[in-house]
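Here is a friendly note to read with the model open beside you. Take the points one at a time and find each residue as you go.

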Amino acid sequence: MFGLEALDLARIQFAFTISFHILFPAITIGLASYLAVLEGLWLKTRDDTYRDLYHFWSKIFAVNFGMGVVSGLVMAYQFGTNWSRFSDFAGSVTGPLLTYEVLTAFFLEAGFLGVMLFGWNKVGRKLHFFSTVMVAIGTLISTFWILSSNSWMQTPQGYEIVNGQVIPVDWLAVIFNPSFPYRLAHMAVAAFVATAFFVGSSAAWHLLRGRDNPAIRRMLSMAMWMALIVAPVQAVIGDFHGLNTLKHQPAKIAAIEGHWENVGNEPTPLILFGWPDMKAEKTRFAVEIPYLGSLILTHSLDKQVPALKEFPPEDRPNSTIVFWSFRIMVGLGMLMIFTGLWSLWLRKRDTLYTSRPFLYLALWMGPSGLIAILAGWFTTEIGRQPWVVYGLMRTADASSGHSFVQMSITLALFVVVYFSLFGVGIGYMMRLVRKGPVTNEGAETSHGGPGQQRTPARPLSAADDDHDADHGTRLNKGN
């Protein structure tokens, strides 16, 4: 069907599940740190706006965290079901790294998550803040181990091959492989940027509908400061990451650039747009800028970038896909930087919260960070092909060898179940976003907070809080 084989369906199934999964951890990483900042600012300033925002985003965090755990478990099982030969070959490296993630990160998150979500009125302020910080640190530790495992597959180091299996001989070299620092920084910052635009988009949505209060304004302000500062930092990290990829995976860079052959000693141009044709071995309709490819990728005007024709056809990544996925990522990144700069200009003119053109841009930029993350992962993973462990094991040799019919059925089931289950979860999360933060302006309430009597935080409830708010007000009046 459509020229696909069982191996292609296995790859599509893994790509489908990881595309769903990666969205949830990205928001989890960003929101966990955002919640720690909000609670820290509330403890320092006693400004109730930060407290209200904490309660609002903790509900969304809880739903997102749950979906991330479920989607991650399903994805992990595929290593044994669809990619058993890969597990047999490299399991002695990837298995321990993922186990370390569970032992050091997941247990840390799970241990403090209950206190963070349900302990607002039950523990002291310092312990509750400590729990929030531990959950945030746990998400970053989880990112550390997962990126270490994936980066080792991109740039394997610290191993020996004995009887057809990878045996780790230097764990420091395995963990801190050549691409790991750049990929870790790139992914962590991407999560922060994606979360910033998610938060900013929700604030813009409320402002465009006339809901203007200090909490909504604070959301937009903090999100735009994050975009202004971190989006350019991400561009710098991406440049370093590109130089590292050029050194260790030159075929991936050639595919990303749609660059087929060098001409004499001429520097490499940058192809802005075009259509790489894998069969014809050329990029059709290319729009080029002379010298710029060499300048960006080698930081010189005379060095050349490796070309696809320098590699055997069987070792070339699919340039058609990675050429455009990379440009989607970069294009969105530039738009993020522009949004941050525009927000600064409006802030100076005191029109940040009233400029409707900007608010519409911020609204539509909401999913931009997540789309950029997906585009970046497609570039990374498809650009690694035809290798599952770069230079050591081909993807065709890593699959379990299931039949076309088996893979078709399971892929169809995954699509139906994922869209049904996670569609409901995402819809519920967006319902929480549309509801907006509940503020206590004008109410006779205490400052609340951990260890004090106040309306209980209900992280999984999107129901109206009128009854509970009245009850909490009566309790506070009686104190």
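The points below cover a pocket, a helix and some salt bridges.

1. Please keep in mind that this is a predicted model.

2. Start with the second largest pocket, which holds about 1,300 Å³ of space. Its lining counts 50 residues, and His186, Gly238, Phe326, Met329 and Val330 lie nearest the centre. Helix α7 gives the largest share of that lining, 11 residues. Sorted by class, the lining has 26 nonpolar, 19 polar and 5 charged residues.

3. Among the elements that give two or more residues to this lining is α10 (319-348). Its 30 residues should span 44 Å at 1.5 Å a residue, and the end C-alpha atoms are 44 Å apart, so the two values agree. After α10 comes Asp350, whose phi is positive, near 60 degrees.

4. Now the salt bridges: the structure holds 9. In one, the side chains of Asp48 and Arg51 meet at 3.5 Å, N to O. These two residues sit 3 apart in helix α2, about one helical turn. Is Arg51 buried or exposed? Arg51 is buried, because its relative accessible area is 0%, under the 20% cut-off. Asp48, at 23%, counts as partly exposed. Asp48 and Arg51 also join Asp52 in a network of salt bridges.

5. Helix α12 has a pair to look at too: Glu381 and Arg384, 3 residues apart, form a salt bridge at 2.9 Å, N to O. Glu381 is buried at 18%, and Arg384 is buried at 5%.

Terms used:
Residues numbered from 1 in each chain as written. Predicted model: local features only at pLDDT ≥ 70, side-chain atom pairs only at ≥ 80, totals over all residues. Heavy atoms only, no water. 1 Å grid on protein atoms, 1.4 Å probe; cavity = no way out; pocket = protein on both sides within 12 Å on 5 of 7 lines; lining within 4 Å. Points joined across faces, edges and corners; volume = space filled by probe spheres on them. Helix = DSSP H or I, 4+ residues; strand = E, 2+ residues; numbered from the N terminus. Nonpolar A, V, L, I, M, F, W, Y, C, P; charged D, E, K, R; others polar. Expected span 1.5 Å × (residues − 1). Salt bridge = Lys/Arg side-chain N within 4 Å of Asp/Glu carboxyl O. Buried < 20%, exposed > 50% of the residue type's maximum accessible area, 1.4 Å probe, protein only.
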